[in-house]
Amino acid sequence: MSKFKKKKGGELPAISTASLPDIVFMLLFFFMVATVMRDSTLMVANTLPAADQVQKLDKKDRVMYIYAGKPSDRYQEKFGTQAKIQLNDKFATVQDVGAFVLAERASKRQELQNVLTTALKVDGETNMGLISDIKQELRKVNALKINYTTRSGDYTQNLK
Amino acid sequence: MAKRSAPEVNAGSMADIAFLLLIFFLVTTTIETDSGLNRKLPPMEDVVDPPVIKQRNIFTVVVNKNNDLLVEEEPMEISELRAAAVAFLDNGGGKGADACDFCQGARDTSSSDNPDKAVISLKNDRETDYKVYIAVQNELVAAYNDLRNREFKRLYPSAGLSFVDADSKYSDPRTSSSEKEALKPKLDAIKKLFPQKLSEAEPSKTN
């Protein structure tokens with residue numbers, strides 16, 4: 001009998017937390033690797049529309065981004081509520097798009113200069129007029145590959 | 001002299017430090033949405049002699065400023081657009097040189113002759129919402145993709161893929177170059193059967 005009693009005695013041992021740092025480090029490294037630092041802060045509302053026939057974008061160094069949408073709340077006082085274009089960190093007019101594309105193109109390596117894609121990250125509420133103007137400017141500087149960046153999702157989400 | 005062993009460094013706060021870093025990266029991480037609809041704009045130079053396209057080979061889609069859809073002069077819901085576009089592209093009403101031997105459509109003589117000839121013309125107003133425009137674009141691309149998937153499955157059943165899967169596999173940098181070379185002629189053949197002829201007119205001004 002005493003044999004069994006011996007084993008029964010004693011409290012539950014505390015769970016060792018020695019491996020907790022390892023687990024946290026593992027998560028940390030995952031996020032460090034997966035993080036893409038945003039190189040420009042968004043100054044416009046940017047709720048992308050949804051689409052499900054999407055294609056993956058090229059590597060990041062072959063893409064230049066053009067943002068457009070209504071200025072965010074804290075800029076509305078200064079810039080109004082009309083949809084605007086954002087290039088890098090500044091608000092810009094339609095006329096600046098061409099110069100921006102040429103500058104971006106010149107900053108890339110020679111072999112990439114012909115394969116650049118322009119990603120249009122445009123808020124869903126924007127009017128098409130602004131986008132057509134951007135497209136006209138892009139055509140003028142011969143930046144013909146474009147990508148309408150979207151969320152993945154069903155198109156019916158757009159119609160509400 | 002008493003031998004002193006070096007005191008062990010307390011590693012208890014390591015977890016705290018790691019948590020701090022973890023939270024920093026969690027907050028700064030933005031999982032980038034890097035996918036979308038790829039389009040190609042037409043070059044700027046004016047075509048001197050625009051090719052004449054027969055009216056029956058043009059599928060007109062107009063989106064007005066109230067985000068309503070007008071397809072071939074008839075109002076339509078966006079949910080019906082995909083089927084209408086598929087019916088138009090796959091019609092294959094042509095005869096002789098224009099005949100389409102793989103089309104499964106109605107072969108209506110008042111609709112498109114051949115997918116190779118069929119053009120979808122998309123026109124929008126300056127006040128159309130971008131998200132509606134994207135929904136329309138999405139449905140038109142979906143119509144092309146449906147047809148391309150069908151033909152891909154029919155011609156290359158051994159691949160076990162749909163056209164869309166094969167295309168994304170082709171553009172995936174991890175795919176080996178030998179696989180890419182095997183895929184490329186297949187993709188090109190399908191793209192030749194159903195070329196994406198989606199023309200966009202310059203938007204109309206609102207009066």
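**Values and their definitions**

Author: Of the 160 residues in chain A, 28% are buried. The model is predicted, local features need pLDDT of at least 70, side-chain atom pairs count only at pLDDT 80 or more, and totals for chains, interfaces and linings use all residues. Residues are numbered from 1 along each chain as its sequence is written, and chains are lettered from A and ligands numbered from 1 in the order in which they are written.

Reader: What makes a residue buried?

Author: A residue is buried if 20 or more other C-beta atoms, placed from the backbone, lie within 10 Å of its own; with 12 or fewer it is exposed, and in between partly exposed. In chain B, buried residues make up 28% of the 207 residues.

Reader: Why is chain A called more spread out than a compact globule?

Author: The radius of gyration, taken over C-alpha atoms, is set against the globule rule, 2.2 Å times the number of residues to the power 0.38. For the 160 residues of chain A the rule gives 15 Å, and the radius of gyration is 26 Å, well over that value, so chain A is more spread out than a compact globule. Along the principal axes, its C-alpha atoms fill a box of roughly 95 × 40 × 35 Å.

Reader: Which elements does chain A have, and in what order do they run?

Author: Chain A has five helices and eight strands, where helices (H or I, at least four residues) and strands (E, at least two) are DSSP runs numbered from the N terminus. Their order is α-α-β-β-β-α-β-β-α-β-α-β-β.

Reader: Why is chain B called more spread out than a compact globule?

Author: Chain B has five helices and six strands. Its radius of gyration is 27 Å, well over the 17 Å that the globule rule gives for 207 residues, so chain B is more spread out than a compact globule.
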